Amino acid sequence: MQGPSDFDLSRRKLLLGTAASVAFGAAPPVANAQTPVAPAQAAPQAVPMSKVSFNVNGRPREVTLDTRTTLLDALREHLHLTGSKKGCDHGQCGACTVISGGRRINSCLTLAVMHEGDEIRTIEGLGTPENLHPMQAAFVKHDGYQCGYCTPGQICSAVAVLDEIKAGIPSHVSADLNAPAQLTNAELRERMSGNICRCGAYSNIAEAISEVAGRPA
Amino acid sequence: MRSFTYERARTPADAAAAALRNPDTKFIAGGTNLLDLMKLEIETPAHLIDVNGLALDKIEPTSEGGLRIGALVRNTDLAADSRVRRDYGVLSRALLAGASGQLRNKATTAGNLLQRTRCPYFYDTNQPCNKRRPGSGCAAIGGFSRQHAVLGASEACIATHPSDMAVGMRALDATVETVRPDGATRTIPIAEFYRLPGDTPHIETTLQPGELITAVTLPKPVGGRQVYRKVRDRASYAFALVSVAAIVQRDGTGRVALGGVAHKPWRVEAAEAAMPRGAKAVAAQLLADAKPTRENTFKLSLAERTLGAVLTEAKG
Ligand SMILES: Cc1cc2nc3c(=O)[nH]c(=O)nc-3n(C[C@H](O)[C@H](O)[C@H](O)COP(=O)(O)OP(=O)(O)OC[C@H]3O[C@@H](n4cnc5c(N)ncnc54)[C@H](O)[C@@H]3O)c2cc1C
Ligand code: SF4
Ligand code: FES
Ligand code: FES
């Protein structure tokens with residue numbers, strides 16, 4: 001984790017630490033607290049920044065960030081949409097799954113600056129606590145989670161999976177590549193394999209998705 | 001991750017020229033391999049050229065009756081294309097056997113070809129690795145080498161190429177189209193695209209500095225039963241231990257390429273003459289020069305048996 005926000009975070013901690021030690025030390029606290037803080041990493045030049053505008057959950061947003069910032073860090077740390085989770089940060093778990101331009105992606109393996117003009121939907125944009133998205137309601141009904149950490153990614157992924165089946169996109173387990181995609185349990189499980197659940201709520205997740213898809217699991 | 005400057009490419013030729021101007025430049029497409037490696041500081045570009053805006057995202061028929069696949073066509077779209085499903089099933093199947101739905105939505109045709117090895121020592125920056133740091137040695141030789149190459153490896157590197165798609169492309173005799181920094185274009189047959197590690201395992205393809213892939217073309221469909229079978233440690237979302245891409249005609253002749261066994265998709269055209277005689281005969285030639293390590297000898301029997309299963313499936 002090396003987004004600018006983490007840097008901000010450590011700088012804040014640093015500041016707090018400095019302020020605390022200063023308060024009990026001999027140096028005049030006020031003067032110290034107001035001293036501009038030099039970047040913690042001794043960078044010879046300024047860190048390259050970039051501006052990006054996209055639409056998140058129906059709202060236009062514009063952020064200026066370190067070019068290194070992933071979409072996941074931009075959502076969580078800059079826009080404070082902390083529903084999308086960071087599990088592995090390497091595309092291996094699916095906890096960071098969001099829907100960009102109608103397609104599910106791992107937000108940890110894409111740069112925020114690569115999403116200029118994109119429409120991004122996160123778990124926060126699917127439903128509200130008062131008015132859950134049918135997939136959210138089905139996860140609640142079927143206990144599609146235990147700790148809940150993987151759940152926002154599972155739900156975003158599941159919503160997109162049903163669209164992919166509707167669009168006729170085949171999967172590894174489709175028996176016939178040229179026939180319409182089926183809504184079987186095996187299909188759902190294969191298509192959801194990019195979302196790992198450490199609590200092992202898989203069978204309940206499959207039931208929740210099946211219900212929304214209108215098929216028994 | 002090291003910091004980098006970022007630009008969006010305007011034309012393919014511009015992108016190639018800009019990449020040559022700064023040797024520390026990388027193109028970024030889906031980002032699913034490059035960013036993974038940048039986070040670990042295995043790749044440390046100082047400048048990124050985002051190629052996503054280049055209009056290279058179409059699949060078009062060629063005048064020879066084949067298909068021209070833009071470098072930026074996403075793996076999902078390539079696998080789902082009705083022409084690919086109908087005429088190049090082995091490619092659809094190979095793509096669908098790789099990664100996850102989320103990753104395939106981002107991963108591009110060119111990025112998939114150029115993804116780097118999954119050798120765990122390549123990923124561990126505390127270990128010597130000639131591919132990551134030329135001249136530092138190879139921790140996999142004498143190390144944990146269950147996943148590594150059994151064919152075409154060298155004293156310097158025994159890594160495998162992890163792509164499933166590339167194995168399908170090799171069976172189909174695809175061609176890579178590029179543009180070079182001077183604006184010249186060329187085509188590279190997939191058979192000549194990947195290099196064996198030799199003593200320069202960090203040079204993985206015959207692409208030149210700054211050269212940009214613009215498309216991959218498939219020749220006219222060859223028909224036949226097309227099968228891709230991948231054997232891995234779990235049923236989904238894992239890299240291949242061994243994979244087989246096969247195109248089998250009604251008379252039993254055909255083509256076969258292996259994944260998971262070498263630094264590139266492994267195909268020996270001469271071995272294919274043995275296809276009507278069955279897997280054992282083909283494997284004898286295909287794997288003739290194999291030099292497995294103590295830990296991956298199993299890949300030889302696994303490859304032969306997987307090929308057997310594939311040939312049986314293709315007959316059915
Ligand atoms: C958890 C996980 C599991 C995976 N499992 C599998 C699997 O089972 N099978 C499999 O095959 N793959 C698998 N993958 C790898 C995945 O397929 C690749 O990451 C993806 O195909 C890379 O494509 P990309 O467009 O994202 O490439 P990028 O990451 O954008 O780029 C990769 C490389 O290609 C270069 N590049 C990109 N476009 C061009 C161009 N037009 N011209 C020249 N150079 C270019 C970049 O500079 C970079 O060096 C997995 C990945 C992850 C993270
Ligand atoms: S096998 Fe190749 S990639 Fe792996 S450690 Fe050896 S040199 Fe590096
Ligand atoms: S956090 Fe993105 S896949 Fe794990
Ligand atoms: S509910 Fe705990 S990880 Fe899935």
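**Notebook: chains A and B, and a ligand**

I started with the chain pair: chain A and chain B bury about 3400 Å² between them, and carbon and sulfur atoms give 52% of that. Buried area here is the accessible area (1.4 Å probe) that two parts lose on being put together, summed over both. In chain A, L109(A), M114(A) and L177(A) lose the most area to chain B, together 19% of what that side buries.

Before going on, I noted that this is a predicted model, where local features need pLDDT of at least 70, side-chain atom pairs count only at pLDDT 80 or more, and totals for chains, interfaces and linings use all residues. Residues are numbered from 1 along each chain as its sequence is written, chains are lettered from A and ligands numbered from 1 in the order in which they are written, and side-chain values use heavy atoms, with hydrogens and water left out.

Next I looked up who touches whom: 44 residues of chain A are in contact (heavy atoms within 4.5 Å) with 42 residues of chain B.

How many salt bridges are there between chain A and chain B? I found two, counting a side-chain nitrogen of Lys or Arg within 4 Å of a carboxyl oxygen of Asp or Glu. K39(B) and D89(A) meet in a salt bridge through their side chains, at 2.8 Å from N to O.

Then I went inside chain A. Its domain assignment, which is automatic or from a database, gives domain 1 (48–125) and domain 2 (127–217). Their contact takes 16 residues from domain 1 of chain A and 16 residues from domain 2 of chain A. The C-alpha centres of these two domains lie 22 Å apart, and the area buried between them is about 1300 Å², 54% of it from carbon and sulfur atoms. I counted one salt bridge between the two domains. I also looked at R104(A) and E164(A), whose side chains meet in a salt bridge at 2.9 Å, N to O.

Over all chains the salt bridge count comes to 32. I picked E43(B) and K26(B), whose side chains meet at 3.8 Å, N to O. E43(B) lies in the loop between helix 2 (34–39) and strand 3 (47–50) of chain B and K26(B) in strand 2 (residues 25–28), so the pair ties together parts 17 residues apart in sequence. Helices (H or I, at least four residues) and strands (E, at least two) are DSSP runs, numbered from the N terminus.

Last, I checked ligand 2. It is surrounded by 14 residues, and the closest are C119(B), C129(B), C138(B), C157(B) and I158(B); a residue qualifies with a heavy atom within 4 Å.
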